[in-house]
Amino acid sequence: MSGKALNIGDQFPNFTADTSVGRIDFYDWMQDSWAILFSHPADFTPVCTTELSRVAALVPEFQKRGVKPIALSCDTVASHKGWIEDIKSFGKLSSFDYPIIADDKRELALKFNMLDKDEINAEGIPLTCRAVFVVDDKKKLRLSILYPATTGRNFDEILRVIDSLQLTQTKSVATPADWKQGGKCMVLPTVKAEDISKLFPDGIETIEVPSGKSYLRITPQP
Ligand code: BEZ
């Protein structure tokens with residue numbers, strides 16, 4: 001039986017779990033930070049090793065954004081500890097500074113709907129897919145992506161989405177296709193024309209379109 005699907009904006013449920021750094025209560029571990037929880041099919045697998053190595057190298061980038069990474073894989077703490085040595089060796093890393101949850105009983109995989117029915121292990125049990133959950137400092141789910149086991153994630157893209165989430169929660173903008181930090185933004189459709197000069201003192205550009213509607217309003221990143 002699987003858990004209830006989580007939607008963007010839902011409270012991310014708290015949980016306790018054994019990890020490579022000891023038992024944690026997720027909310028206590030997060031403190032007032034954001035978190036990225038990302039799951040893996042299994043320890044000692046090639047794509048997962050590249051992903052955990054990449055995230056270990058990106059820890060300073062997550063820290064800059066106030067985001068704590070935590071991985072999950074359906075193996076034991078002892079297995080994770082052995083695998084971390086391989087990950088460090090593969091990534092030429094001197095340290096590995098985030099926890100890996102030991103979900104060997106698949107309790108969290110079921111609770112958070114992370115099982116991939118297409119990927120079955122030698123015992124015929126489904127593996128976890130590559131789920132990504134970004135949870136904000138209020139413990140609200142802000143991003144949810146599911147990748148198949150055979151596709152490694154693009155963590156530059158995940159950092160890009162975190163930048164967009166953190167920008168757009170305080171400014172009246174949304175970020176367009178392929179936006180990157182510092183790029184032009186779109187004024188939110190909910191911003192009224194009479195509020196533009198107050199919210200965007202440097203002015204905005206409105207793109208003319210055949211419909212005659214003034215909804216394509218561009219501003220430098222506030
Ligand atoms: C991997 O991490 O390489 C992997 C794991 C399970 C299925 C396919 C690939």
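Gly9 sits in the segment before strand E1 (16–19), with helices (H or I, at least four residues) and strands (E, at least two) taken as DSSP runs and numbered from the N terminus. The model is a predicted one, so local features need pLDDT of at least 70 and side-chain atom pairs count only at pLDDT 80 or more, while totals for chains, interfaces and linings use all residues. Residues are numbered from 1 along each chain as its sequence is written, and side-chain values use heavy atoms, with hydrogens and water left out.

Gly9 comes out as partly exposed, at a relative accessible area of 38%; buried here means under 20%, exposed over 50%, and partly exposed in between (1.4 Å probe, protein chains only). Leaving aside residues up to four places away in sequence, Gly9 touches Lys140 and Leu141, a contact being heavy atoms within 4.5 Å. As for Thr76, 67 residues separate it from Gly9 in sequence, and the C-alpha to C-alpha distance is 31 Å.

Turning to the whole protein chain, there are six helices and 13 strands. Among the 222 residues, 44% count as buried. Of the contacts with a separation of 6 or more, 62% come from residues 24 or more positions apart.

The accessible surface of the chain is about 11700 Å², and carbon and sulfur atoms hold 52% of that; the areas come from the Shrake-Rupley method with a 1.4 Å probe, and for residues only the protein chains shown count as cover.
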